[in-house]
Amino acid sequence: MTAAPKHAPKMAQMTIAQRLSPYAPVILVVLLMLFGLVAIPSTSSWLTLTVSGLAMGMMIFIMASGLTLVFGLMDVINFGHGAFVSVGAFVGVSFLLLLENMTGASSLALNLTAMMVAIFGAMAATGLMGWAFEKVIVKPVYGHHLKQILVTMGGLIVVEQLIIVLWGPEEIYITRPEALKGAITFFGAAIEKYRLVAVGIGLVVFLAMRWVLQRTKVGLIVRAGVENGEMVEALGYRLRLVFVGVFIAGSALAGLGGVLWGLYQEVITAHMGNQSMILIFIVVIIGGLGSVEGCFIGALLVGLLQNYVAFLEPKVALISNIGLMVAILMWRPQGMIPVVKAK
Amino acid sequence: MLSTILSGDMPRSRILAALLIAILICLAFAPFIFPGVRSVDTAARICIFIVLVASYDLMLGYGGIVSFAHTMFFGLGAYGVALACTHMGRGFDALLVGSIGGAALAAVLAFLIGLFSLRVRAIFFAMITLAVASAVAVLVSQMSGITGGEDGLNYKIPRELTPAFKFADEKIMGVRMNGKLLNYYLIFTCSLLLFLFMLRVVHSPFGRVLLAIRENDFRAESIGYRVVHYRVAATCMSAAVAALAGALYAIWLRYVGPDTSLSMEVMIDILLMVVIGGMGTMYGAVIGATLFVLAQNYLQGLMGAASEAVEGLPILPELLSADRWLLWLGVLFILSVYFFPTGIVGRLREGKKT
């Protein structure tokens, strides 16, 4: 008879590293901000840069969130997402130009109303376009990544060209609404008002999105669909409808991002969507494809890093985001917050 | 004999064979059949783009990998030649060093990108290459001290390849025997050799494994092939050939700039050529590149005429104006992905079977 194997259970506590690991991405953001505080000589310029980094991050997040959800839910990768950004910007700016007497007035209420009109107009337009895009372009190529990439890229080309047909090939310069021009001073740091508004809108969108995803029935179905779509369908939910809804919402958000981004840059071109796609992809990859939280944190990281590096070493700023992506993929190859797929 | 040269890949369709032979003859005697600066320039461009598109097809059609960095590799080769010519003086050694240096750098870069992204998921590759390529394009236009920035670089190539050099006084069929002619035939020969090399690669055992991976990577892995190794190798090879095509382009144009060799527009052109010609066949690259370059050079004029013809109608002239030709190609692109996923070549070959 052989002796029973020695088995002595131990009560081992999780090490600190293990406990912190789920929060690592958030800690990374804080660390990056601290790094900025140390590296940038004056605190006031650090504050300015941090706010503009956060604003940029929020705008990228708004643009990217739809893309990551669409991928998580239906495994559809939409290279034409940038088209919604451009269309959103053009529609929104057209509204703002129409409402010139409202944006030109110095009353904050009138300005904000004009902006709201522009934003909702743009979101409605891009949402509608998203619906059509899904029907015409994406639907026939489900489950085929290669074709999806090619076809959505083709869609992007066509939409870009149509924008040029409708609005002309020249870039359009715009000015921000009167009350959002200029900066306020806070602890000696000049902070542009518009950036604060962008941060505010970004936070609202993120919190609303989290609320919908975590607290509502639809959110539950979406999250379950990301994790295991077949199971959700087996339970009798029409995932296809949910998906179309998410696609429309994602496109509308991209349109909102487009308006904000256009006002941030104060110039819009038909190619701006294509250009923003680069940042969007970096954010989506480092966040983990399909994860909204990862996308949010990734966007903040990209926005902050870009602003800090642009201040410290302007030449390196261009490749800092690529460097960040490489570093994060080495650390977690599936992105910071990988989505667990039950497949 | 013919079968050996073509690596056993016969056209398998009469129309296709006729088209290919026609293209070959036209390109081989382009300076004599179509004299004139513009048409010879178009012919050289077709040669170079055939190689470029074929190398892209090795990745897309055979490896099933979508890359948006192909212009970056193309540009590396072009800038390699440009920089070598600027710093080493005019001479064939500079051309050689530039091309090989560019190709080697492209292969190394492709290896690094592949290592990072192909290890995880093939679709990461598409996004990461898009990001890297745009970063490189911005970098090149920023580092104006080395690369000439947005203006690009003008440089001298060996005298034997320029119009100033005459090797025979009399004209043959009205064509001057000058260096430009030699230059064209250098481009043509190199392109032909590179194309036949690509054809050889895709019909080698290596190419077969790539096809297997494209069809079902999981099964290929189970049989015992290291999928990642094959994908990375295909990427590197494709990048090196693209860089050589870029080097040829630089030799032909005697100029490099971000717009001609690095921009996203060139990338979209390549995509259109591959898809319209036919993914997964090297002959697709020939047909696609020829059609596309011809369209690029001559369709615009046609569209301009059409736009004038509908003058006065609402919006139609706008849609048909010569600058909007990319719109129609985009539509054609989407339709061809849906309805002719095998492109023109695939269609022609299928037609024969039924």
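Reader: What counts as a nonpolar core in this predicted model?
Author: The model is a predicted one. A residue is buried if 20 or more other C-beta atoms lie within 10 Å of its own. Buried Ala, Val, Leu, Ile, Met, Phe, Trp, Tyr and Cys residues, when joined through C-beta atoms within 7 Å, form a nonpolar core.

Reader: Which residues touch the most other members of the largest nonpolar core?
Author: The largest nonpolar core holds 234 residues. Those touching the most other members come from chain A and chain B. They are A:Ile60, A:Val283, B:Ile48, B:Ile50, B:Val53, B:Ala106 and B:Ala243.

Reader: Which helix gives the most to this core?
Author: The core has 234 residues. The helix that gives the most spans residues 227–253 of chain B and supplies 19 residues. That helix is α12 of chain B.

Reader: Which residues does A:Ile60 touch, not counting residues up to four places away in sequence?
Author: A:Ile60 belongs to the largest nonpolar core. One of the residues it touches, A:Val283, is also named among those with the most contacts to other core members.

Reader: Which element of chain A gives the most to the side that touches chain B?
Author: On this side, 31 residues of chain A are in contact with 33 residues of chain B. The elements of chain A giving two or more residues are α7 (145–167), α12 (272–287) and α14 (317–331). With 14 residues, the one that gives the most is α7(A).

Reader: Is A:Ala190 buried, partly exposed or exposed?
Author: A:Ala190 is in strand β3 (residues 189–192) of chain A. Leaving aside neighbours within four places in sequence, A:Ala190 is in contact with A:Thr48, A:Ala183 and A:Thr185. A residue is buried at 20 or more C-beta neighbours and exposed at 12 or fewer. A:Ala190 has 14 inside 10 Å, so it counts as partly exposed.

Reader: How far apart in space are A:Ala190 and A:Ser45, C-alpha to C-alpha?
Author: In sequence, A:Ala190 and A:Ser45 are 145 residues apart. In space, C-alpha to C-alpha, the separation is 8.0 Å.

Reader: What is the radius of gyration of chain A?
Author: Chain A has 14 helices and four strands. For its 343 residues the globule rule gives 20 Å, and the computed value is close to that, so chain A is as compact as a globular protein of that length. The radius of gyration is 22 Å.

Key: Residues numbered from 1 in each chain as written. Chains lettered and ligands numbered in written order. Predicted model: local features only at pLDDT ≥ 70, side-chain atom pairs only at ≥ 80, totals over all residues. Contact = placed C-beta atoms within 7 Å. Rg over C-alpha atoms; globule rule 2.2 N^0.38 Å.
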